[in-house]
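Please report on the structure shown here.

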Amino acid sequence: MNQGIGIWSVVVALLCVPLHVEAFSAVFDGDPVNPATGVPYEMLPGLPLIQPGPDDVLGTADDVVDSSLVGDIDLVVRSGALAATVTIPPPTAAVGRGALPIGVAGPRGAGGTPLAFTVFLSDGKTSSTVPSGGLLAAPDMDGIPVIVAAFADLDGDGFIGPTDHRPTNSMEQVLEVRELDPVGRAVALFDGGVVRGSVAIRTGRPGSQGGLTVALTALARTGPLAAGFFEGHIPAGPGISTAQPFLPQSDLSRLIRGQPAALALDTTIQPVVQFAAVPDFSAAQPFALPLDGSVSTIDAAVVNSQSVTRAVLRSAVGAVVKELLFGPAAPANRQQLVLVPVDRWGNPGDPPPGFTVTLRADPPLQAVGPFEAGGAVDVELDVAEGVPVTFGVPVHTPDGTRGSLTLEQAGVVVGVLPYRVDARANRPEPDLSVPSQQAPSIQAAIDSISDSNGDGLLVINLEPGLYRENVLANRPVVLYGAGMDSTILQGDGSASVLRVTASNVAVHGLTVLGGMDGFTLDAPAALLAQTRAWRNLQAGVSVSGSAVRVWHAESADNSGSGLRLSKEANDATCSETRLVDNHGAGADLVRVRGSRLEQNFIAGNDNRGVRLISVNAVTVSDNQIADNLGSGIELIGAQNSRILGNLSTTNNNGLYLRKTTGNLISANVLDLNSRYGIAMRDGSGDDFSAAPGLQAAPGDNRSTNNIRGEVFTRRN
Amino acid sequence: MTPYRSVSGSITLKLEGSFSRADAVQLSLALNVIVRQGRVRTRFDLAGNVFTSVGGRSEHPEPGPGVIGFAQREITLVLPHEFSAGQALAQVVTAYRGESIASNWLSFAL
């Protein structure tokens, strides 16, 4: 909507492979140096040297750990605005939780109270009495930006990130993965070895629950700004860091998103860092950050939520539910959710006395528990935890039934959730569950499953939790997770998290992350439904099999494209899917025929929204494509394809065509793009209207408000 | 831009756009939503404050609740009673590095 805001994709890369520079910061004095490059090693404090293995990607299973070298302390962050002292003070967290500073979630000026912080450059000269070292007022670091990131202890276990404190596959571990996503970030500049600033936090908990504990961490790059290094916007020397809850991604090309811009006090950081995968679960443990002050480089604080303004429906793990999808058969005809009072920023809060929400469902949807069935149901929320509510439609409700669920409070609509009934959401009886004695892992289940209930399907139920494995689906199985927020598969970065090599494999309701690709679908007729691919090292979903269907899924924050169709990925369909914030294209179709992209939301991607290269008879229709770097829809050498009814807005070009022929481009809206609504060159025979005869651009497309112009043509 | 009407007639407006919730928090952006209908112009800030002016006269505060939700790419607000069925316009405005930044005006029917 707002182009200006949309282009603030200022990005930062820290702890990345450094360029060779002539001299290094004084912070590296005495530190080990890579003999091959002469550059100081980048290491997290207290952890061994971890370097990429043969795949040259840090954070994958072949990483090499050198325990003979251990990182020292270079950088220390403290809660509060502290004076520069010769000895860096201990963490406030060491005094106890009661001593932690308290902030309020949200930005300053909108009810929030950001957390003050102080970052010190350390000389690394530590002892039992000086655990963080002394202040190093290195002049070479003056003016260098530091990023402070805050991570929330969502499961309340006193740690940030995955631990092995409890059995595997628990819901708490799902929350621990979510803890690796920062809830606040800020940039400040060194002056005399000290940085002071404040960080606004997005997430809080009500005071009645003691607030939400967050960890503050810091990282920076050293060295001068070199013109040849990201246009002089990012310091060219090695990175330094406090402890972090993950192994930071090291590949600069995976971190620099969009156009780099100078780091300054008021620049945004998207993303702060991408965490790399870890080789195995035991290796993850060293990265978990305790919040008790025992790690001397970081500190903690508490964040409360604001006053309640509304209520939302959440899943069991706290994810906001924005749409309800039911199957016409049990058990998929019911969903249990939690009605939670929240503040303006979506954080749970203490409801005022008598806070009552009216649930009003279009038939046949009903609130079926714990209330009596009926049209409108009043629910009094008297605790911040909320109230569980089960919604359902009768068995055999016709496929395609739609309606909405309205939430009203004090005579005001505070939320509306569309619902629908779709047979694809049905859930057949499982033959096997994971984890179980027979199948402790997903791979074991695939290898051993038989059709025990005789329904002709090999159905595997995946309980909620975190599964650390690379999975090969080489039999025609149906995998049912507990939902994309509840069942998470984490790969080790060496391969796809879930690779499909058998025909007719179906995957429902889970998230894959940390893989080379998230999903690789190499066989025909695979189905992904209600799945998410998140933060994988290459594509979120990579398809080379034919007639694959991706439906009602999400692919986000992957280092490659959100969806990539290539080789034999003909006649594929991707519909009602969110392809957002990927480093590559939202959807990338290369040399495929007959595939369809329909009703998807494609936004915030770094290398075009939809890219069609040498495709034939592809259909791209009714998609919302916004805020991508590069063109919203780009066709290179495409033939006989149909681009129909899409909205392409706040991209570079709304629609870009080159060397295309015989395509129908009709009824699209191309609005507010920073270059042209439609730009094309070297094409022939493209028709820009559904009316009979060949019509030139814009035809029946609506091209408006585009900065450079509505239509640009050359040699067509 | 999607309006919802409660049983009592109150109108809630959901705006979907490319604004970033994370950026708004980090930078403490003074983000405002402006909704116009005829001679009525109402400004909503992220603190829940609501200010209305009629016919170009000076703003006066309204009781709210104003903005009740700000999620990723989505703002939800409640219109004051001056708004009624018919066409209306909405715009998101803010300031960054001393410069005013405004979205396009979106037209919609209440």
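The report below takes up conventions, a sheet, an interface and charged pairs.

## Conventions

This is a predicted model: local features need pLDDT of at least 70, side-chain atom pairs count only at pLDDT 80 or more, and totals for chains, interfaces and linings use all residues. Residues are numbered from 1 along each chain as its sequence is written, chains are lettered from A and ligands numbered from 1 in the order in which they are written, and side-chain values use heavy atoms, with hydrogens and water left out.

## The sheet in chain A

Chain A holds an open sheet of eleven strands with parallel pairing. The order is 26-29-32-35-38-41-44-47-50-53-55. Strand 26 (471–473) and strand 55 (709–714) of chain A are the edge strands, each pairing on one side only. Neighbouring strands are turned by 5 degrees against each other on average, direction ignored. Strands are DSSP runs of E, at least two residues; helices are runs of H or I, at least four; both are numbered from the N terminus. Pairing requires at least two DSSP bridges between two strands. The angles are taken between axes, which are lines fitted to C-alpha atoms, and run from 0 to 180 degrees between N-to-C directions.

Ala679(A) has Phe712(A), in strand 55, as its bridge partner.

## The interface of chains A and B

The contact (heavy atoms within 4.5 Å) takes 46 residues from chain A and 45 residues from chain B. The two chains bury about 3700 Å² between them, 57% of it on carbon and sulfur atoms. Buried area is the accessible area (1.4 Å probe) lost on putting two parts together, summed over both.

Eleven residue pairs are in polar contact across this interface, both residues at pLDDT 80 or more. A polar contact is a pair of N or O atoms within 3.5 Å; within protein, one must be able to donate a hydrogen and the other to accept it, and residues adjacent in sequence count only if both atoms are side-chain atoms. On the side of chain B that touches chain A, helix 1 of chain B gives the most, with six residues.

## Salt bridges

A salt bridge puts a side-chain nitrogen of Lys or Arg within 4 Å of a carboxyl oxygen of Asp or Glu. The count over all chains is 19. Two salt bridges cross the interface of chain B and chain A. Glu74(B) and Lys322(A) meet in a salt bridge at 3.0 Å, N to O.

Within chain A, Arg535(A) and Asp181(A) form a salt bridge at 2.7 Å, N to O. This pair links distant parts of the chain, 354 residues apart. Arg535(A) lies in the loop between strand 34 (532–534) and strand 35 (541–543) of chain A. Asp181(A) lies in the loop between helix 2 (171–178) and strand 8 (184–189) of chain A.
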